[in-house]
Amino acid sequence: MFKKTALVVKPHPEVVPYLKKIIEVLKTLNVEVVLEDIAAELIQLKSDISRDNIGDRVDIIVMIGGDGTLLSVARQAVTNGIPVAGFNLGSLGFLTELSVDNLEKSIREIFTKESKVSERKLLELNFKDDRYLALNDIVTSKGYIARIINQMLSINGDEVAEIRSDGLIISTPTGSTAYSLSAGGPIVAPEVNGMVITPLCPHSLTLRPFVIPDSSIVRVKLLSESKNVFITVDGQTAIPFVPGDYFDVSVFQKTLKIIGSKGMNYFKLLSEKLNWAR
């Protein structure tokens, strides 16, 4: 079982009582706790360990916050091959399905019993010799000026379409319930081996979101002379995208392990988070 855990939190005072409770429970289980600097500061302790390098020191990450907090540790977790257990304090929480209402019970189950684990695929963005990982999506979008941008979409070396739109979303099945869903994309179960491509407000009414095999290599090239265009990775990192630039997206070879609630399944989660009538 897990012997050394990192605690990562949303930087907000409301997490303090839950953070203290987790530390208290873990002490009774003889689990060593490593606090990131943000978590330590919230409870008047000191730590020189940042979120960017905490994954190589532990064998599990426990986090309190929303999906954004989990996204911020996903790359650390998958690179180091460790799972993430997320307790939700956000609004939707598709990724952080553990409830703080059952915090102590859940923590004891995670550290003493076999946990329910969901494996999620990530996207790998290759751009100008740099590599970025995304659990949800990779997005191209324009800046503050309302102007259409023109991009060439190619899949496996074949040109598919010249897309005139506000931008483009390439998402994992996990990310299909994030930005892509808001832009009219389909909901895709995490177990599906695919990638979702969703144009943002396309100029052509016939251009619709579609799903491709996750063995594909997607290339996007910026054709227009638009300025202030960016590539955004999981809503965390923004990279300037200038005319003539292109990038490739493929599925990363490793998966992220997310510890979930035994009483929850994907469709029940959708029903609760999206307020589907039953």
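Asn 156 comes out as partly exposed, at 48% relative accessibility (buried is under 20% relative accessible area, exposed is over 50%, and partly exposed is in between, with a 1.4 Å probe and protein chains only). This is a predicted model, where local features need pLDDT of at least 70, side-chain atom pairs count only at pLDDT 80 or more, and totals for chains, interfaces and linings use all residues. Residues are numbered from 1 along each chain as its sequence is written, and side-chain values use heavy atoms, with hydrogens and water left out.

Asn 156 sits in the loop between strand S9 (149-155) and strand S10 (158-165); helices (H or I, at least four residues) and strands (E, at least two) are DSSP runs numbered from the N terminus. Its phi is near 55°, positive even though the residue isn't glycine.

Lys 128 also has a positive phi without being glycine, near 50°. You'll find Lys 128 in the loop between strand S6 (116-127) and strand S7 (130-134), and it is exposed, with a relative accessible area of 52%.

## Two nonpolar cores

A nonpolar core here is a set of buried Ala, Val, Leu, Ile, Met, Phe, Trp, Tyr and Cys residues joined through side-chain atoms within 4.5 Å. The largest one has 28 residues, and Leu 19, Val 62, Ile 107, Ile 110 and Phe 111 touch the most other members. Elements that each supply at least two of its residues include helix H2 (37-42), strand S3 (60-65) and helix H4 (103-112). H1 gives the largest share of this core, six residues.

A second, separate core has 27 residues, among them Ile 138, Ile 170, Val 249 and Val 251.
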